[in-house]
Amino acid sequence: MVLILKIGSVFSPASPMAEATLRLLYLLLILGTAVLAVIAVIVVVSAIRFRDRGREVPEEHKRGTTEVFWILGAAVLLLVILVPTVRTMRVVDPPADGRSPDLVVIGHQFWWEIRYPASGAVAANEIHIPVGRPWLVRVESADVIHNFWVPQLARKIDATPGYPVTMWLEASSPDVFLGACGEFCGVEHAWMRIRVVAQTPVAFQAWLREQSRPPAPPVTPDAIAGERLYQRLACVNCHASSVAVGPDLTHMAGRATLAGGVIQNTPANLTRWLGNPDAVKRGSLMPDFHLDERSLRQLVAYLETLK
Amino acid sequence: MNHASMAVAAGVAEPRERETRGLYAWIASLDHKQLGIIYLITGIIFLIVGGMEALVIRMQLATPRNTFVSPDTFNQMFTMHGTTMIFLVVIPLVIGLGIYLVPLQIGARDMAYPRLNALGAWLVVLAGPLLYYSFIAGGAPNAGWFSYAPLSERPYSMGTGIDYWILGLFVLGISTIGAAINFIVTIIKLRAPGMTMTRLPLFTWMTFVNSFIILAALPVLNASLAMLLIDRQLGGHFFTPQSGGSAILWQHFFWSFGHPEVYIMVLPAFGVISEVIPVFSRKAIFGYEFIAGSTVAIAFLSFSVWAHHMFVVGLGRAADIFFAIASMLIAIPTGVKILNWSVTLWGGAIRFTTPMLFAMAFLVQFTFGGITGVSFAAIPLDWQVEDSYYLVAHLHYVAVGGIVFAVFAAFYYWFPKMTGRMLSETLGKWNFWLWFVGFNLTFFVQHILGLLGMPRRVWTYPDLPHWGSYNMISTVGAYLLAAGTLVFVYNLIVSFRRGAPAGDNPWHAWTLEWATPSPPPEENFTLVPPIRGRRPLWDLAHPPAERASAGARGQRREASAIGGAELGMLAFIGSEAVFFVILIIAYGYYHEAAHTGTVAARVLDPARAGVNTLFLLASSGTMWLAGKSLARGNTTGLLRWIAATIVLGAVFLFGQAREWTALIGRNVTISRDLFGTTFFTLTGFHGLHVFLGLLLLLMLFGLGLRGQFKAPRSAGLEVVGIYWHFVDAVWIVVYSVIYLWSVLVR
Amino acid sequence: MTVWQVIQRAWTWEPSVIVGCLALAGGYLAAGGARRTHHAVAFIAGVIVLFLALDSPLDTLGDTYLFSAHMVQHLLLILIVPPLLLLGVPPAWVERARRVSRVRRLMSALGAPRVGWGLGIGTMVLWHVPVLYTAALAHGSVHVLEHLSFLATSVLFWWPVLGPIDDARLAPLPAILYLTAAALASSILGIVITFAQVGLYPFYLLPVDRLGIEPLIRNVWGLSPDVDQEVGGLLMWIPGGLVYLCAILGVMSRWYRTAEHEERSSGSDDDRRDGDVLAPVKG
């Protein structure tokens, strides 16, 4: 069926939680269709059978039996929905039991700050997790209410400033899973996309090691000039993980997308972005430094070394 | 003949002609029929405006990464689309229908408070331009129609858009509350003989119950708006997490209004369906009592489900489950209605007129929307699809597929009564089919888009598989809706001029509004027909074989209950009580969450405030004595006691002002911390009410000086008395919560 | 430990409760003769619920371990037992009592809606003030006073709605407002308790585990102190509210049934004038 898709949909779960939720959806689909069918049948059959053929219908006095049956039936139906609902809640959202989070996700306007408390690694917008292990994620916000949503893997949860919450994130198979910010947070709410890269434990460890290591120093002349430019422009005033006004860039070259998922991470796109951020992501808080072509080339060359 | 005698001869006709024709007559009108039409026209105009905003949205979303409009424009569009459709279209349309129809359906001449009625209508007409002025004042509101904090706060929304949103909604809220008070008093006091409450046409019954929901829910909105405005303009901290406020509290407050609001919108629609389906099935409605009773159940339960809009906030397992259960429960009375409407069709003699087509589509579409609504109560599902296009689909299925379709049915059904002309059936069928196909095309695919992962309120989206094609389908549907709306407006205009004459009762319906000419004369009825059941005209046409002798049944006329004026004031103070409850809850919440009690304990002087309180309580006593004086015919005593009340009230306000000045002098201000914010807001609004009360008392005093009071009773005095005692009672609660509690904390 | 074992251990047999309930039931049957009317069924059901509320494990759990259990007990005492008892009183008895003028005057004073509402809701709110709540748990005599006051004031509360005498009952619309206002008050109380910080009633934070069931409660049933307090508040709010809703629907059902009955038996104009809807209705 055209509906069942691989990318980013509730219909292609890749975790026990998402699977349990999909089963609940199917239950509701069946029950809902049944109820709708009852009403639709009554309406359609009446429309056909009880057309006006010029007779007057006598007045009748009714007793309440039909309604009582309906009320009891509806109550039973709702109970039938309630029990699986509570069970699914236990699967999707088991208690955290005081465990400390494996991942911290902080929403900003308009990007996601990702922190790995155990190793100290910091990333942005793109999350790497090992498959098969449920991770406890603490979700917070640095400014307004955002919402973390990766439909194939987990429930969505609000990132409310002043109210940190936790959720579980798990992937059953290695793949890339897309998500989005699910609560309107301002001008570029649409481009606060999330990428979850689930890797085998070995690959994940390798990635984590790389993230914890400082990148290799620049070699080419452009890159070296770019590094100096980076320092002169004081990019770290925003892009340091301690400040977190902008995403941490230490390993930005390894990410698949830029600027919250609005463009792919290629040198050409990066040049476009640095040249005129507002043209790429209107309303982004990244300033335009009005760099000339050469400076752009050098800066991009440097940034491309940050793997 | 000279002018004078000509005037005398034509005396009765001429002045009336001058008054009832022309634009001025409409502007100055107090006639509920004209005011109702003003509401309806306003609603239609904004339907077109809101629809254009929707078209902009759909055009922008038709293809991935589209750049038809900028993100900022888009955000203004969806905010204004939602705000307009709810507050400037649906509410005026359903209230306007009520204002037009309720007096007619109960056999009354007009509403209980014609001037309040006029005020309400013109406030709506004013509020629209007020809200839309924001477009040229720096930008329309752009934080969504529910303006979640802190996005709607400074520094995240620095422009004035949100402030216009607040002010526009405030004005509309006041208008709606006024209409609700009017409905309650009209329906209780002005029914024709024989029109008992259990015989009311279901549209009027639903409007009646709806008015109570309005009285309890709109003040919550007004209080929330006030707090947000205080945050934005006076530096308050109610909803700013950065300074100790709570973003979640805004959600609780807003949805405590917002959820009952959707029932405020839908109950009159239910009323319309309850009128249309029986008439065009030629059959009395099935289970009148259950429909009436389930309405009360819905009204009651609507206040206990609001946090189902907050399942993704992470409120905690127990709270989530209880709200889920309550939300599932409310499906039961709604389902009873749907069942009864459907069963009414069964065994009837169905006529497929345009209103009936819209009503039957309503049945299926609203049920569909209701079912997806129940799916949100299955919490893990909500945890997937909340705030996605699945939600957008659900809300449009109930609000458009349900409410707007019912409103169309209402127009096609009652337009003949309002204008004396039938709407064109051909154009009506075009209207219907364009809307039926267009609506389902637009919104059915949005369920799928939500399940595919598309969040709502995104100005564009990535080129993921099928997102583009489904969005395109949705946009095509929107154009069909636009075309259908144009057909509708054209139908209205053309039929108004050249439609077939309607006569009194073109549909052979049974309720009282059809027992008078179309359009009705100014006094509505020259003679109200006898009312012996729920279908007066049917009973007239089908007299029972035997009838007990008229008047034999004992008259159950008890001692007359509350007068109309007092009833209205009681309804008003009911709504004001809700307003204060919200402010008190905010105070209490921050007392615990932000420990404002420690500040209170340090800076407040409960003893002095207590003395001040005594003055206010004494003023209640003098007010009561004023009433007693009038009862004894002692008009000098009356004046004296009113004057004493004014003086005592003024002393109280003076004491308040002194306390405020002292506090501000000690740097305890509304913007300094949460104590200041909550304290000044609560006492400030109370002081405002006292001040308004003093103005009312001054008016009474003036009237008394001119000898306007006649013993033993005066409605004006009683009404102001009720208000004044209420304000004092509120102060007792406020004093306890603020001052006595601070003593306990010490 | 199974639930059955818990029940066995936790069931205390309070002599005062047993005697009281037997006296109540016995007195009723003696006064009316042991006839099987629906009044009798309601009254005996009320006594049974009263007994279960005050004597079953609910009582033990509520007194020591769980705020939510105590809440269930209170809700039974306020919302279930008094209506059942009132429905069980035949109108004839009250009519006979009212012939004594002093009794009649007392009845009309206490039966006024303002009195019933104020005392009923006021008592409920008062006993939830933490200081008083804890005092009731700490001192047995205060606890008895608490329960008796709940029962007495709740009977007064339900009297204008469910009382056996038509004249003393509110008209349908005021009755609905009366019940809605009560639901609102209890909802606000429930909301405050649900969302307040844990430890509103510190007695329950560290219960004295004489029965050895605390691990069962905390771990197996998952009722930690904050969940317990939340559930307690929610019970007051939603199931409590539902009882009021059922009462409202009952009032409406009686209203429509009476109106329909009148419509069928009369056939002439019904001379209802404005304002009558607020006056007491016969039937």
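1. How much area do chain B and chain A bury between them? In this predicted model, where local features need pLDDT of at least 70 and side-chain atom pairs count only at pLDDT 80 or more, while totals for chains, interfaces and linings use all residues, the two chains bury about 7600 Å² between them, 71% of it on carbon and sulfur atoms; buried area is the accessible area (1.4 Å probe) that two parts lose on being put together, summed over both. Residues are numbered from 1 along each chain as its sequence is written, chains are lettered from A in the order in which they are written, and side-chain values use heavy atoms, with hydrogens and water left out.

2. On confidence, chain A has a mean pLDDT (the predictor's confidence in each residue, from 0 to 100) of 91, and 94% of its residues reach 70 or more. Residues 1–5 of chain A, however, have pLDDT below 50.

3. At the chain interface, 94 residues of chain B are in contact (heavy atoms within 4.5 Å) with 86 residues of chain A. The count of salt bridges (a side-chain nitrogen of Lys or Arg within 4 Å of a carboxyl oxygen of Asp or Glu) between chain B and chain A is zero.

4. Chain B is divided into domain 1 (30–536) and domain 2 (578–745), with bounds that come from an automatic or database domain assignment. These two domains of chain B bury about 1400 Å² between them, 81% of it on carbon and sulfur atoms, and His237(B), Phe238(B) and Phe253(B) supply 32% of the area that domain 1 buries against domain 2, more than any other three residues.
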